[in-house]
Amino acid sequence: MAELEVDVDPAEAGFDAGRLARIGAHFDRYVENGRLPGWLAVVRRHGRIVYLGSGGHRDVEAGLPVETDTLWRIFSMTKPVTSVAAMMLVEEGLLELDDPISQWLPEFASPRVFVKGSALKPFTEPAREPIRVWHLLTHTAGLTYGFHHGHPVDAIYRAAGFDWGTPRGLDLAACCARWASLPLLFQPGAEWNYSVATDVLGRVVEVVSGLPLDEFFESRIFSPLGMADTGFVASSMSRLAALYVPDPTSGRAVRNDAFGRLGTCRPDCLSGGGGLVSSAADYGRFTEMLLRGGELDGVRLLSPRTVSLMASNHLPGHVDLEAYGRPLFAEMPFDGHGFGLGFSVLEDPVKARTLSSAGEFAWGGAASTAFWVDPDEDLTAGFYTQLLPSSTYRLRPQLRQLVYQALVD
């Protein structure tokens, strides 16, 4: 198990220690007034931990505090892991970004696209081009999530059993077959829509590699990087944080066990889009690997050129995410952000109204976890809590502001 501790004087890493202390004071207020059950934040610069702070409880009812080895359901922070897995196969010549996914998933051979109508009576037309690997990586495939509630196709997904999660008893292959039978939101490559695309990508990884997704992750990513606490099943149930939602009246965090099975047993569907449990130490090793151009402690998963490609804006027309009128996170506006192969990419800090650097790439999870990688400042940061949904509070931009206002070199 990787250990977490501050291992450099903040001044040596270009930070003002007094200003860094504002991070803890800020998020402790969320705990004190009951809005967050607990939290943990880690900031690394030049490969050293310059800030480590935490507060509150991983399980309020049991009185168990947040500790450095607490395990968190990271939901969509799983997506960058799946994206790295796919790009490893690209580097090995087993995949190409332009390959139609029907080469491995024949159920996607003839997708149809929603044109008009309703969820009960949709009118569709054939897709004008196949769904390709890069469409999955960039969320431009035309797939969706049932929980979006913004389009008739979203409702079609919900009617098929895909809202928050997947139907019991369906494995990843069966889920992909169901998704392939549903209409696409738009023509592949035409727009951006956050979706089950990364889950489908996980199935591509399975078929191409010949390994179940959990075995690929473990043998090719987690074990080489020393991520012993990351997987679809928590390595320790006693260390796993409980999940909470805001009370609609008081705003206080109240326990919600609707996702109680997630991380406690091997799931029917190995979700490459949102199924992993991890620790701050483990996921920090993953983000440091990305910051170092695909290598950490002598273990290379990707080449620097591949990571650079992943951290470039691939959106049609090179626009930003806000151009699609589908803001994903109310607490994290995406003005000035594009999307790469697995995560958002900051292109214009002024337009984004952030102190972060151009070139930062990042993502987060539904339970308000988040990370970012800033190559320009040689910095990574991670935030861990367990509050659904992530749009409840503006935790991510607040953490960015607090980190960068303390950077004084």
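Strands β1 and β16 pair in the antiparallel sense over six bridges; strands are DSSP runs of E of at least two residues, helices are runs of H or I of at least four, and both are numbered from the N terminus. Two strands pair if DSSP finds at least two bridges between them. The model is predicted, so local features need pLDDT of at least 70 and side-chain atom pairs count only at pLDDT 80 or more, while totals for chains, interfaces and linings use all residues. Residues are numbered from 1 along each chain as its sequence is written, and side-chain values use heavy atoms, with hydrogens and water left out.

Strands β1 and β16 belong to an open sheet of eight strands with antiparallel pairing, in the order β3-β2-β1-β16-β15-β14-β13-β12. Its edge strands, β3 (64–65) and β12 (337–339), each pair on one side only. Arg 44 stands opposite Thr 380 in β16.

Arg 44 is also among the residues nearest the centre of the second largest pocket, together with Gly 47, Ile 49, Arg 285 and Glu 288. A pocket is an open set of points on a 1 Å grid over the protein atoms alone, where a 1.4 Å probe fits, with protein on both sides within 12 Å along at least five of seven lines; lining residues have an atom within 4 Å of a point. This pocket has a volume of about 250 Å³, the volume being the space filled by probe spheres set on the points. Of its lining, five residues are nonpolar, two polar and eight charged; Asp, Glu, Lys and Arg count as charged, Ala, Val, Leu, Ile, Met, Phe, Trp, Tyr, Cys and Pro as nonpolar, and the others, Gly among them, as polar. Helix α8 (residues 280–291) gives the most to this lining, with four residues.

The whole structure holds 21 aromatic pairs. Rings of Phe, Tyr and Trp (its six-membered ring) pair if their centres lie within 6.5 Å; planes under 30 degrees apart count as stacked, over 60 as edge-to-face and the rest as tilted. Two tilted pairs are tabulated.

| Pair | Centre to centre | Between the planes |
|---|---|---|
| Phe 27 and Trp 39 | 5.6 Å | 45° |
| Trp 72 and Tyr 384 | 6.2 Å | 35° |

Because Phe 27 lies in helix α1 (residues 17–32) and Trp 39 in strand β1 (residues 38–45), their pair ties together parts 12 residues apart in sequence. Trp 72 in strand β4 (residues 71–73) and Tyr 384 in strand β16 (residues 379–384) are 312 residues apart. Both Trp 72 and Tyr 384 are buried, that is, under 20% relative accessible area with a 1.4 Å probe and protein chains only.

Definitions and conventions: Buried < 20%, exposed > 50% of the residue type's maximum accessible area, 1.4 Å probe, protein only.
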